[in-house]
Amino acid sequence: MEDFLSGLGQFIQSHQAWTLPIVLLISLGESLVLVGLVIPATAVMLLIGGLAGAGLVSPVPVLVGAVIGAVLGDIVSYVLGRWLGPGIVHRPLFQRYRPAIARTRLFFRRYGFAAVFLGRFLGPIRSTVPLVAGMMAMPQARFQVANVASAVLWAPLMLAPGYLGARGAGELGMLSGHGAFSVLALVLAFTLVATLLGGRHLLRSQAARRPRGRAARPEPLS
């Protein structure tokens, strides 16, 4: 992972014209169902935020690419869910993710519009919320409002830790060699832990609020 991030950082510094499309593709992939589960988007966004904080790349294309990619990724997942409907869970690619989709469905049924907005910030269900919104036939206008609004907030929040960490390291004279990577690694670890704990807490709270007498398991998907 460290070699990948180092190589990507050097490539972006040498080819700054590619900053926007690279960030766009990363944030788009992170928003896509299945694809988002394997892309290390958090680490990459922290790295790019660190490059912007160090003054090595312009923050404007980074922010623009992150917002556009996040919006497009959610649109693709929503359209896929709307097109295939609940039966998507019976497709070979999605069968192993039926429990995760079922949990996300419960989350969506309880919170609706807020689920789409908040889901972008919750790692455990991040890439399945737009898919479920489409499966549940959420009106497209409401979905797009939540999609765009959350993307505009998500992009700077994802980039801010790396950006602020790099700025602070630069002021302390640490922004060279392994110093920068140490700061970014610390910020990355903190962000990942906070995201996972926050997501699990919210999902557990949702399960605990379900009416008594019902089994604490995801509802069946048709």
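# Helix packing in a predicted model

Me: Is Gly 81 buried or exposed?
Reply: This is a predicted model, and Gly 81 is found in its helix 4. The relative accessibility of Gly 81 is 0%. The cut-off for burial is under 20%, so at 0% Gly 81 counts as buried.

Me: Which residues does Gly 81 touch, not counting residues up to four places away in sequence?
Reply: A contact here requires heavy atoms within 4.5 Å. With residues up to four places away in sequence left out, the partners of Gly 81 are Leu 131, Gly 134 and Met 135.

Me: How many Å apart in space are Gly 81 and Met 136, C-alpha to C-alpha?
Reply: Along the sequence, Gly 81 and Met 136 are 55 residues apart. In space, the C-alpha to C-alpha distance between Gly 81 and Met 136 is 8.0 Å.

Me: How many helices and how many strands does the protein chain have?
Reply: Read from the N terminus, the elements run α-α-α-α-α-α-α-α-α. The count for the protein chain is nine helices and zero strands.

Me: What share of the 222 residues in the protein chain is buried?
Reply: The accessible surface of the chain comes to about 11,400 Å², and carbon and sulfur atoms hold 66% of that surface. Of the 222 residues, the buried share is 45%.

Me: At roughly what angle do the axes of helix 2 and helix 4 cross?
Reply: Two packed helices are described by the distance between their axes and the angle between those axes. For helix 2 (residues 19-31) and helix 4 (residues 59-84), the axes come within 7 Å. The crossing is right-handed. The axes cross at roughly 30 degrees.

Me: Which residues of helix 2 make the contact with helix 4?
Reply: From helix 4, the contact includes Pro 61, Val 62, Val 64, Gly 65 and Ala 66. By class, the contact of helix 2 with helix 4 has eleven nonpolar, seven polar and one charged residues. On the side of helix 2, the residues are Thr 19, Leu 20, Val 23, Leu 24, Ser 27, Leu 28 and Ser 31.

Me: Is Ile 68 buried or partly exposed?
Reply: Ile 68 is found in helix 4, and Ile 68 is one of the residues in the contact with helix 2. Its C-alpha atom is 8.9 Å from that of Val 152, 84 residues apart in sequence. The relative accessible area of Ile 68 is 35%, so Ile 68 is partly exposed.

Me: Which residues does Ala 41 touch, not counting residues up to four places away in sequence?
Reply: Ala 41 has its place in helix 3 and counts as buried at 3% relative accessibility. Ala 41 and Ser 27 are 14 residues apart in sequence and 6.7 Å apart in space, C-alpha to C-alpha. Not counting residues up to four places away, Ala 41 touches Ile 26 and Glu 30.

Me: Is Leu 47 buried or exposed?
Reply: Leu 47 is found in helix 3 (residues 41-53). Its relative accessibility is 7%, so Leu 47 counts as buried.

Me: Is the pair of Phe 107 and Tyr 111 stacked or tilted?
Reply: Both residues lie in helix 5 (residues 98-111), four residues apart, about one turn of the helix. Phe 107 is buried at 1% relative accessibility, whereas Tyr 111 is partly exposed at 24%. The ring centres are 5.1 Å apart and the planes stand at 50 degrees, so the pair is tilted.

Me: What is the phi of Ala 137?
Reply: Ala 137 lies in the loop between helix 7 (129-135) and helix 8 (140-171). Ala 137 is partly exposed, with a relative accessible area of 43%. Although Ala 137 is not a glycine, its phi is positive, at about 60 degrees.

Definitions and conventions
Residues are numbered from 1 along each chain as its sequence is written. This is a predicted model: local features need pLDDT of at least 70, side-chain atom pairs count only at pLDDT 80 or more; totals for chains, interfaces and linings use all residues. Side-chain values use heavy atoms; hydrogens and water are left out. Helices (H or I, at least four residues) and strands (E, at least two) are DSSP runs, numbered from the N terminus. Buried means under 20% relative accessible area, exposed over 50%, partly exposed in between (1.4 Å probe, protein chains only). Accessible areas come from the Shrake-Rupley method with a 1.4 Å probe; for residues, only the protein chains shown count as cover. Axes are lines fitted to C-alpha atoms, for helices over the stretch in contact, and angles run from 0 to 180 degrees between N-to-C directions. A crossing is left-handed if the near helix is turned anticlockwise from the far one by less than a right angle, and right-handed if clockwise. Ala, Val, Leu, Ile, Met, Phe, Trp, Tyr, Cys and Pro count as nonpolar, Asp, Glu, Lys and Arg as charged, and the others, Gly among them, as polar. Rings of Phe, Tyr and Trp (its six-membered ring) pair if their centres lie within 6.5 Å; planes under 30 degrees apart count as stacked, over 60 as edge-to-face and the rest as tilted.
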